[in-house]
Amino acid sequence: MSVSIGRSLACSCSSSSFVNYNSTNRRAFGTSGRCYRSSRFLKTAIKAQQRPTWLPGLDPPPYLDGTLAGDFGFDPLGLGEDPKSLKWYVQAELVHSRFAMAGVAGILFTDLLRVTGISDLPVWYEAGATKFSFASTRTLFIVQLLLMGFAETKRYMDFTNPGSQAKEGSFFGLEAALEGLEPGYPGGPLLNPLGLAKDIKNAHEWKLKEIKNGRLAMVAMLGIIVQANVTHVGPIDNLVKHLSNPWHQTIIQTLSGSGS
């Protein structure tokens, strides 16, 4: 609709210019100014219409202007209206995406080893109860709490004060190995060994690929959790069962069977 309005304004402006061609310079100048503004509005309207959104034809909220990676104007609850909250939600989604990608890859890989008999591993939802000979569960929990707590604290400090964690002496002399490209993207040979997206300011395509894969992984993780709760087996077992009889081993039969 905005494109149509812009076109009508531009057409009316052109007509006014033609009719008033022999009028005074002042009047002609005013018409020319209106025509310029209408033309600029038309270009903006067309650009807005060409931007992909999660629902075609829906105007995104003004605070989601397309500059963020993976911004398709989706915020039905209006959570990002506050700029400070929006920055935090961006970082939260990024971290959850990375955890989901690592989790899905780990679950599928270990489940494949278990199903094929290559390794005697527990199914993923029972792995937390496994006892190890080299350390007790309490020791592992404390070590994980300290390591994760340290990493998350450093991440939060870099979020509140960007670049502060890259200063000399802030990380045992390893600051140069991390490079601190920007909050959420530490970089360096430790966390970016392949040297991808070194110029983080112009790495929109890499950011978009990461957030898209991360969102897909979060949906996949939710599916794996629900699947395990309903079928009580791992994802590879469910896949093998489905492939053995694709027309009769589907989500419909599984849900109907679990409810009976």
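Modeller: Helices here are DSSP runs of H or I, at least four residues long, numbered from the N terminus. The model is predicted.

Colleague: In which helix is Arg-98 found?

Modeller: UniProt, in an unreviewed entry, covers Arg-98 and Leu-178 with the annotation "binding site". In the numbering from the N terminus, Arg-98 belongs to helix 3.

Colleague: Does Arg-98 count as buried, exposed or partly exposed, and why?

Modeller: Buried means under 20% relative accessible area and exposed means over 50%. Arg-98 has 30% relative accessibility, so the class that applies to Arg-98 is partly exposed.

Colleague: Are helix 3 and helix 7 parallel, perpendicular or oblique to each other, and why?

Modeller: Two packed helices are described by the angle between their axes and the distance between the axes. The axes of helix 3 (residues 83-116) and helix 7 (residues 204-231) come within 7 Å and cross at roughly 55°. Roughly parallel needs an angle under 35 degrees, and roughly perpendicular needs 65 to 115. Helix 3 and helix 7 are therefore oblique.

Colleague: How many residues of the contact of helix 3 with helix 7 are charged?

Modeller: The contact includes Glu-93 and Arg-98 of helix 3, and Glu-210 and Arg-215 of helix 7. Its residues divide into 11 nonpolar and 5 polar, and the charged ones number 4.

Colleague: Which residues is Arg-215 in contact with, leaving aside neighbours within four places in sequence?

Modeller: Arg-215 lies in helix 7 and is listed by UniProt for "binding site" in an unreviewed entry. With those neighbours left aside, the contacts of Arg-215 are Ala-69, Gly-70, Phe-72, Glu-93 and Ser-97.

Technical notes
Residues are numbered from 1 along each chain as its sequence is written. This is a predicted model: local features need pLDDT of at least 70, side-chain atom pairs count only at pLDDT 80 or more; totals for chains, interfaces and linings use all residues. Side-chain values use heavy atoms; hydrogens and water are left out. Axes are lines fitted to C-alpha atoms, for helices over the stretch in contact, and angles run from 0 to 180 degrees between N-to-C directions. Helices (H or I, at least four residues) and strands (E, at least two) are DSSP runs, numbered from the N terminus. Angles under 35 degrees count as roughly parallel, over 145 as roughly antiparallel, 65 to 115 as roughly perpendicular and the rest as oblique. Contact means heavy atoms within 4.5 Å. Ala, Val, Leu, Ile, Met, Phe, Trp, Tyr, Cys and Pro count as nonpolar, Asp, Glu, Lys and Arg as charged, and the others, Gly among them, as polar. UniProt positions are given in the numbering used here, feature names are shortened, and annotations may be inferred rather than shown by experiment. Buried means under 20% relative accessible area, exposed over 50%, partly exposed in between (1.4 Å probe, protein chains only).
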